[in-house]
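Here are my notes on the model. Please read them with the structure open.

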Amino acid sequence: MVDPMHFEANADAYAGARPPYPAELWQRLRTLGLLRPGSRALDLGAGTGQATGPLLDAGLRVTAIEPGARLAALLRAAHPTADVRICRAEDMQFAPSSFDLVVAATSIHWMDLEILLSKLCTILTPHGRFAVWRNVFGDSDAEVTPFRVRIAEIVDDRRAPPRPGPPAEDLDATIEALTASGLFQVTDASTYRWTLELDAAAIGRLFRTFSDWSPGEVERAVAAVNELGGTVTEHYSSWMVVLAPVEQRAAP
């Protein structure tokens, strides 16, 4: 079983190791009218602020929820205008209609949806939206590179049981989980593909932030980069789904 507080133990490396979300994703949020200056946004599982920063840059007033104290401290230092709260998303307490937009960026798979979704229905404004997205490290639709072959070999050698529940990277599985309660319906879904050139050091930094990778597995990935010439092209993707409470479905 992976530990969500793995990120807390790697807080100092997390901000620099994780790539930003693609510009196209943020443009889609603008097109949907969800990045209105002055709007109130809630960032769930905010980490060191990979989503908080762009939301602030767009002119939104941001409250960021982060359960890890070290991560929250880095978040405050990087984005002092954000209202940072140290707690789990399931434990947050806000007045009704507190937020125009709630986001969960590469964090929803750690949360108890039975508790969370009912809270969101209350704290969202009448026309509010819930946007869920994540970066997927390894695009299943892209060319299979020699490095990805080596990564598959490392994963196949694992003896630990797989992570419970549907794959966190699976958009369809996530949509099913988010809509199963009947509280929310999808208003928009999109996918974005992108690539990064990474050397062995960058692969090491990035893979150490993955909660289900052991130190030995990370070292095998770093060794693979070196054996393949010192630099690899990684094909990644991002997906986003935007939801509204069911009773808002017919709202203009």
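1. Proline 67 counts as partly exposed, because its relative accessibility is 36%. The cut-offs are under 20% relative accessible area for buried and over 50% for exposed, with partly exposed in between (1.4 Å probe, protein chains only). Proline 67 sits in the loop between β2 (61-65) and α5 (69-78). Helices (H or I, at least four residues) and strands (E, at least two) are DSSP runs, numbered from the N terminus. Which residue lies 4.3 Å from proline 67, C-alpha to C-alpha? It is cysteine 87, 20 residues away in sequence.

2. A word on the basis. This is a predicted model, where local features need pLDDT of at least 70, side-chain atom pairs count only at pLDDT 80 or more, and totals for chains, interfaces and linings use all residues. Residues are numbered from 1 along each chain as its sequence is written, and side-chain values use heavy atoms, with hydrogens and water left out.

3. The chain as a whole. Ten helices and seven strands make up its list of elements. Of its 252 residues, 50% are buried. Take the contacts (heavy atoms within 4.5 Å) between residues at least 6 apart in sequence: 78% of them join residues at least 24 apart.

4. Helix α7 (residues 146-156) packs on helix α10 (residues 215-227) at about 155°, with axes 10 Å apart. Axes are lines fitted to C-alpha atoms over the stretch in contact, and angles run from 0 to 180 degrees between N-to-C directions. The two helices are therefore roughly antiparallel, a term for angles over 145 degrees. The crossing is right-handed: the near helix is turned clockwise from the far one by less than a right angle. From α7, Phe147, Arg150, Ile151, Glu153 and Ile154 take part; from α10, Glu217, Arg220, Ala221, Ala224, Val225 and Glu227. Six of these residues are nonpolar, none polar and five charged. Here Ala, Val, Leu, Ile, Met, Phe, Trp, Tyr, Cys and Pro count as nonpolar, Asp, Glu, Lys and Arg as charged, and the others, Gly among them, as polar.

5. Helix α9 (residues 200-208) also packs on α10, at about 160° with axes 9 Å apart. That makes α9 roughly antiparallel to α10. Its crossing of α10 is right-handed. Ala200, Ile203, Gly204, Phe207 and Arg208 of α9 meet Val218, Glu219, Ala221, Val222, Val225 and Asn226 of α10. This contact has seven nonpolar, two polar and two charged residues.

Terms used. Parallel < 35°, antiparallel > 145°, perpendicular 65-115°, else oblique.
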